[in-house]
Amino acid sequence: MRDKRKLTEELIKQLDPDSGITVKRAMHTWWFNIRKTGGMRLTGPGYTVFTQDLDLTCYEFAIPDPQQFNQHVILDLDRKMQMPYYISATKGIPKKIVFFGSREAVIINLYGNLQQFLDNYKP
């Protein structure tokens, strides 16, 4: 997908029209990086909308070693992921990544290793 604005517009159409959510508001609250070239990482409110309000299918990948989950990994995710994802953390420590794209979720689970997946993944 990779076009956050278009995706946001389509998803807003599926929400209750009385919610009053505009594209501008959704862009600023759902996405970490609202720039057109920014990644597909969701914020907490964005994740809530995707899972509760829209009831979208999601796939989880546990982060086995949070020590290896650093800013470089986050930048790689931002550059390579084509579908939305959410990084779930407890007390600031990343525990899992929730993917909203089945293709990417299947591939990462086949690799079983986040860094190997990111090193080899070509969207």
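1. Glu-9 is partly exposed, at a relative accessible area of 33%, and Arg-5 is likewise partly exposed, at 45%. Here buried means under 20% relative accessible area, exposed means over 50%, and partly exposed lies in between (1.4 Å probe, protein chains only). The two side chains form a salt bridge in which the closest N and O atoms are 3.7 Å apart. A salt bridge is taken as a side-chain nitrogen of Lys or Arg within 4 Å of a carboxyl oxygen of Asp or Glu. Glu-9 and Arg-5 are four residues apart in helix H1 (residues 4-14), so about one helical turn separates them.

2. On the basis of the note: this is a predicted model, in which local features need pLDDT of at least 70, side-chain atom pairs count only at pLDDT 80 or more, and totals for chains, interfaces and linings use all residues. Residues are numbered from 1 along each chain as its sequence is written, and side-chain values use heavy atoms, with hydrogens and water left out. Helices (H or I, at least four residues) and strands (E, at least two) are DSSP runs, numbered from the N terminus.

3. The structure holds four salt bridges. One of them joins Asp-76 to Arg-79, at 3.5 Å from N to O. These residues lie three apart in helix H4 (residues 71-80), so they too are separated by about one helical turn. Asp-76 counts as buried at 18% relative accessibility, whereas Arg-79 counts as exposed at 55%.

4. The strands form an open sheet of three, in the order E1-E3-E2, with antiparallel pairing. Strand E1 (59-62) and strand E2 (85-90) stand at the edges with a single partner strand each, so one side of each has no neighbour in the sheet. From one strand to the next, the twist averages 30°. Two strands are said to pair if DSSP finds at least two bridges between them.

5. E1 and strand E3 (residues 93-99) are antiparallel and pair over four bridges. Within this pairing, Glu-60 stands opposite Val-98 in E3. Glu-60 also forms a salt bridge with Lys-96, the closest N and O atoms being 3.0 Å apart. This pair links distant parts of the chain, with Glu-60 in strand E1 and Lys-96 in strand E3, 36 residues apart. Both residues are partly exposed: Glu-60 at 45% relative accessibility, and Lys-96 with a relative accessible area of 24%.

6. E2 and E3 run antiparallel and are joined by six bridges; Ile-87 stands opposite Ile-97 in E3. The two strands form a hairpin with two residues between them, and Lys-91 in the turn has a positive phi of about 55°.

7. Helix H5 lies across E1 and E3, running at about 30° to E1. Axes are lines fitted to C-alpha atoms, for helices over the stretch in contact, and angles run from 0 to 180 degrees between N-to-C directions. Contact means heavy atoms within 4.5 Å.

8. Glu-104 is buried yet has no salt bridge, and the nearest side chain of opposite charge, Arg-103, is 5.6 Å away. Leaving aside residues up to four places away in sequence, Glu-104 touches Lys-80, Met-81, Gln-82, Met-83, Phe-117 and Tyr-121.

Terms used: Lys, Arg positive; Asp, Glu negative; His and termini not counted.
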